[in-house]
Amino acid sequence: MANVLVFIDNPGDALKKSTLELLTLGRSLGETAVAVNGDLHQDVSATLAEYGVTAVFRPSAQDLDDYLVSAKAAYLAAAAGAARAGTVLLDNSPEGKEIAARLGIRLNAGVITDVVAVDADGTAHKSVLAGSYTTSARATTAVSVLTVKANNVTPEPASVASAPETSIVEVPADGTAAAARVTAREQKAASGRPDLSDARIVVAGGRGVDGDFGPVEQLADALGAAVGASRAATDAGWISHDAQVGQTGKTVSPQLYISAGISGAIQQKAGMQTAKVIVAVNKDAESPIFEIADFGIIGDLFDVLPQATEEIKKR
Ligand code: FAD
């Protein structure tokens, strides 16, 4: 079994569900080490041990975030060498994919993105064409770099906890030398809502909200849910692109997905059709979203959502 290295970027004080999924997947493939960027909280260290991580690598430099992704790719290449990794796993975010591409060049490694499962022999299965098909591929290089979509693995701690040792990895100077440097950051106001990718409940709005996400946000807040959106809504500038669900947005797999004023185009379905329960609110009874909805309400979202919010608040 090949050694596996999982990249964990700025874990904060708790690992995200998608990271736990990577650790679980890694363990099914071989001994799993992690390369952490950022502070390592003691609760995070404890979780790494619970998930059977055998080694923890940290960078010699603390300012990797100041160099966009090039410094992270350089660090990860050095950590992959130290871990003798045959497989490197990253999350499937735009940044994860960019790091993967740079890492592929540094390690002369095959890169496979949008992975949904990996067999013990390293064959990766990836979704294509908005999730309509799954294809299989295996890197023929010594090292493979895989970016894995969230919500395709059930996180499971190891049967026996480990006691990983921490080592410092020297970040190669060429990762920072010629790279652009971040000079300022704008702090986004915290919404107080759960992270869209990990949320148990998502309330999403589309073109039907006609510029007013108020009813969607109020229902989301009553349910403790994250707010999602179709691309029509994000392209119109009614809500941030971070909220986009779908082929070119986030993939979500919540217990409950409430879709309001969204027609259910194939590219939207690609990001939400694995939700356990789908409730659709649409005033057009012929809308394709009703083909995959478990519960459908034919009606105006501006009537239905406030009524639902009011009822939920009473409980
Ligand atoms: P529409 O299709 O216009 O549907 C609006 C719906 O709202 C209609 O069904 C209408 O009946 C209903 N409605 C209107 N008013 C009300 C009301 N008051 N109450 C209730 N219902 C109402 N789309 C994504 O979502 N995510 C992606 O990641 C994505 N990626 C794409 C990638 C590519 C390469 C391409 C080509 C397209 C992509 N799209 C994506 C766009 C996708 O094809 C659709 O155009 C988009 O999903 C439509 O958004 P919508 O359902 O909000 O709008």
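Predicted model: local features only at pLDDT ≥ 70, side-chain atom pairs only at ≥ 80, totals over all residues.
Residues are numbered from 1 along each chain as its sequence is written, local features need pLDDT of at least 70 and side-chain atom pairs count only at pLDDT 80 or more, while totals for chains, interfaces and linings use all residues. Side-chain values use heavy atoms, with hydrogens and water left out.

The axes of H5 (residues 214-223) and H9 come within 9 Å and cross at roughly 20 degrees, which makes H5 roughly parallel to H9 (angles under 35 degrees count as roughly parallel, over 145 as roughly antiparallel, 65 to 115 as roughly perpendicular and the rest as oblique). Pro215, Val216, Gln218, Leu219, Ala222 and Leu223 of H5 make the contact with Phe302, Leu305, Ala308, Thr309, Ile312 and Lys313 of H9, contact meaning heavy atoms within 4.5 Å. By class, nine nonpolar, two polar and one charged residues take part in the contact of H5 with H9.

Helix H3 (residues 70-82) packs against helix H4 (residues 94-107) at an angle of about 55 degrees, with the axes 9 Å apart; H3 and H4 are therefore oblique to each other, and their crossing is right-handed. On the H3 side, Ser70, Lys72, Ala73, Ala74, Leu76, Ala77 and Ala80 meet Glu95, Ile99, Arg102, Leu103, Arg106 and Leu107 in H4, and the residues of this contact divide into eight nonpolar, one polar and four charged.

The second largest pocket has a volume of about 470 Å³. Among the 25 residues that line this pocket, Gly206, Arg207, Gly261, Ile262 and Ser263 are the closest to its centre. Two or more lining residues each are given by helix H6 (231-235), helix H7 (266-272), strand E13 (277-282) and helix H9 (301-314).

Methods:
Axes fitted to C-alpha atoms, helices over the stretch in contact; angles between N-to-C directions. Helix = DSSP H or I, 4+ residues; strand = E, 2+ residues; numbered from the N terminus. Left-handed = near helix turned anticlockwise from the far one by under 90°. Nonpolar A, V, L, I, M, F, W, Y, C, P; charged D, E, K, R; others polar. 1 Å grid on protein atoms, 1.4 Å probe; cavity = no way out; pocket = protein on both sides within 12 Å on 5 of 7 lines; lining within 4 Å. Points joined across faces, edges and corners; volume = space filled by probe spheres on them.
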